[in-house]
Amino acid sequence: MSTSAAKLKLPSGPSRHVYDVIVLGSQVGGALAAALLAKRNHRVLLVEHDGMGPGYEHDGFVLPYAPFVAPPLKAMPAVEEALNELGLSTAIGRALRPHAPELQLVLPRNRVDLSGDAARRRAELTREFGEAGEGIQGALTGSAAQHEATDAFFKEGPQLPPDGFFEGWKLKGQIKEHPALEATPRLAGEDPALSLVRGLLPFLVHLEKPSAPLAHTRALSQVLTAPSTYPGGMDALRDVLTRRLTELGGDVLGRDNPAGFIVEELAFDGSKFSGVKLVRSDTLYRASCLVTATDSGALRRLVTDKKHNRGLLEHLDQSNIKSLLFSVNWVVPEAALPRGMGELVLVDTQDPELGPLLVQQHPARTGGKDVEGVRVVCAGAFVPATAREEGEEHLRALAARIDEHLDRLMPFTKQHRALRSVPYLDAGGVRGSRLMPHPLYSFETEAFLGVTGLKQRTPAKNVILAGREVLPGLGLEGELLAGMRAARLVQDMLKKKDPLKG
């Protein structure tokens with residue numbers, strides 16, 4: 001069985017060895033920060049280091065690592081402004097396509113299509129749940145609109161998470177001006193359908209146990225307006241930003257670069273970052289500051305000078321991975337799928353260990369082209385992070401449990417299956433955060449508004465974080481907001497150190 005990473009063609013070879021900023025890691029916030037800094041006339045090097053690429057290859061098919069659901073771009077107005085600056089908002093907005101129907105719920109005795117059309121959704125809920133359907137409709141409608149009341153706060157570019165007393169004091173003042181940030185979630189109640197919809201939240205954010213209203217409402221509300229898919233998933237979205245970076249004159253060390261792209265260690269001058277050294281290379285790429293968009297665990301391994309960087313390591317140690325999204329892919333003929341099965345299905349498994357199962361359909365791809373009449377069904381559920389340490393037999397048992405739920409969801413489909421693939425078992429060449437397409441974290445830091453994780457400024461003064469651990473309670477929007485703020489912090493840092501500008 002042969003596996004390899006999917007290809008991304010980018011210009012090869014950096015044009016210099018000294019930069020204003022190096023961005024390390026393949027998470028989407030780093031790619032956005034890199035592109036914005038290049039647009040603002042900074043010399044930028046992006047080193048992917050841990051990139052998954054837009055899928056992995058198994059028996060000729062390019063398959064997703066996990067389900068990926070995104071909100072429409074208009075639901076993230078601050079992000080839309082940043083993409084406008086890069087000239088990408090129109091293209092990305094058009095590429096984000098709602099599922100059909102937007103979301104399908106499968107409960108032990110019910111199957112419901114949650115259409116984006118309010119009248120159709122009400123009729124469906126009333127048909128399936130009788131008088132209770134009207135209450136479910138009201139809760140869903142109210143929840144889908146709830147994020148709009150907090151848009152103004154995020155458009156102000158709040159210093160979130162705050163660093164130090166004065167930033168915290170200012171942030172608390174801003175929060176008081178926006179009471180909707182702490183509004184009670186509209187998607188409440190014990191109704192099984194509403195409980196299942198709430199089960200979508202872990203697939204959208206990176207918090208193990210959200211505890212505050214905003215963490216329960218914003219990301220879920222954004223997605224419920226129109227649960228959307230981006231062709232190729234999160235990694236394809238990042239690749240769009242990476243291509244824009246190269247068009248703006250930035251350099252990329254990525255998968256197709258002959259110089260390599262895996263970092264061996266970070267170089268420091270005392271506790272100050274000075275550069276990165278690649279595996280099998282004597283070249284030290286230097287920069288005035290580092291933006292990291294990789295997980296804390298991957299970053300820790302690159303800090304070899306533990307003595308002078310104890311503060312940085314203690315900062316990273318405040319993040320702990322609790323769960324990870326474990327997926328199974330089936331490649332099947334489209335004709336073998338049950339009639340009426342949606343493109344995005346949330347299944348109540350009745351399994352207290354697996355919880356809800358998110359099932360997403362994709363076009364089957366091979367050789368860079370869609371295969372007509374063939375679909376990939378990707379199903380994912382959250383399992384303890386310790387599952388990776390329990391060996392291949394345990395992972396195979398988890399995959400078999402997901403297979404059983406897929407078999408119940410799609411009876412008579414298994415016999416027509418062309419391929420069954422499990423990313424944690426069948427994706428070759430994985431390293432670092434590539435093993436975790438969607439982890440859930442807990443933090444030892446104060447969670448402002450219940451959505452923050454690690455502070456972006458670190459004890460290494462010229463190392464800034466821009467990964468999914470910064471605003472884990474905001475999901476995709478949080479990653480992009482972290483990248484936007486990282487770009488602003490770098491600009492402030494470089495401006496202060498520019499002798500020609502005082």
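A crossover is right-handed if, with the strands pointing away from the viewer, the path from the first strand over the helix to the second runs clockwise. In this predicted model, strand β2, helix α1 (residues 28–39) and strand β3 make such a right-handed β-α-β unit, where helices (H or I, at least four residues) and strands (E, at least two) are DSSP runs, numbered from the N terminus.

Residues are numbered from 1 along each chain as its sequence is written. Because the model is predicted, local features need pLDDT of at least 70 and side-chain atom pairs count only at pLDDT 80 or more, while totals for chains, interfaces and linings use all residues; side-chain values use heavy atoms, with hydrogens and water left out.

**Confidence**

The predictor's confidence in each residue, pLDDT, runs from 0 to 100; for the protein chain its mean is 91, and 93% of the residues reach 70 or more.

Strand β2 (residues 18–24) is mostly covered, with six of its seven residues buried, that is, under 20% relative accessible area, as against exposed at over 50% and partly exposed in between (1.4 Å probe, protein chains only).

| Partner of β2 | Sense | Bridges | Facing residues |
|---|---|---|---|
| β3 (residues 44–47) | parallel | four bridges | I22 with L45 |

L36, which lies in helix α1, is buried, with a relative accessible area of 1%. Leaving aside its neighbours within four places in sequence, L36 is in contact with A82, E85, L86, M484 and A487. Between L36 and T225 there are 189 residues in sequence and 28 Å in space, C-alpha to C-alpha.

Helix α9 (residues 213–225) has 13 residues and reaches 18 Å from its first C-alpha to its last, close to the 18 Å expected at 1.5 Å a residue; the expected span is 1.5 Å times one less than the number of residues. Ten of the 13 residues of α9 are buried, so this helix is largely enclosed by the rest of the structure; among them are L214, R218, Q222 and L224.

Technical notes. Pairing = 2+ DSSP bridges. Contact = heavy atoms within 4.5 Å.
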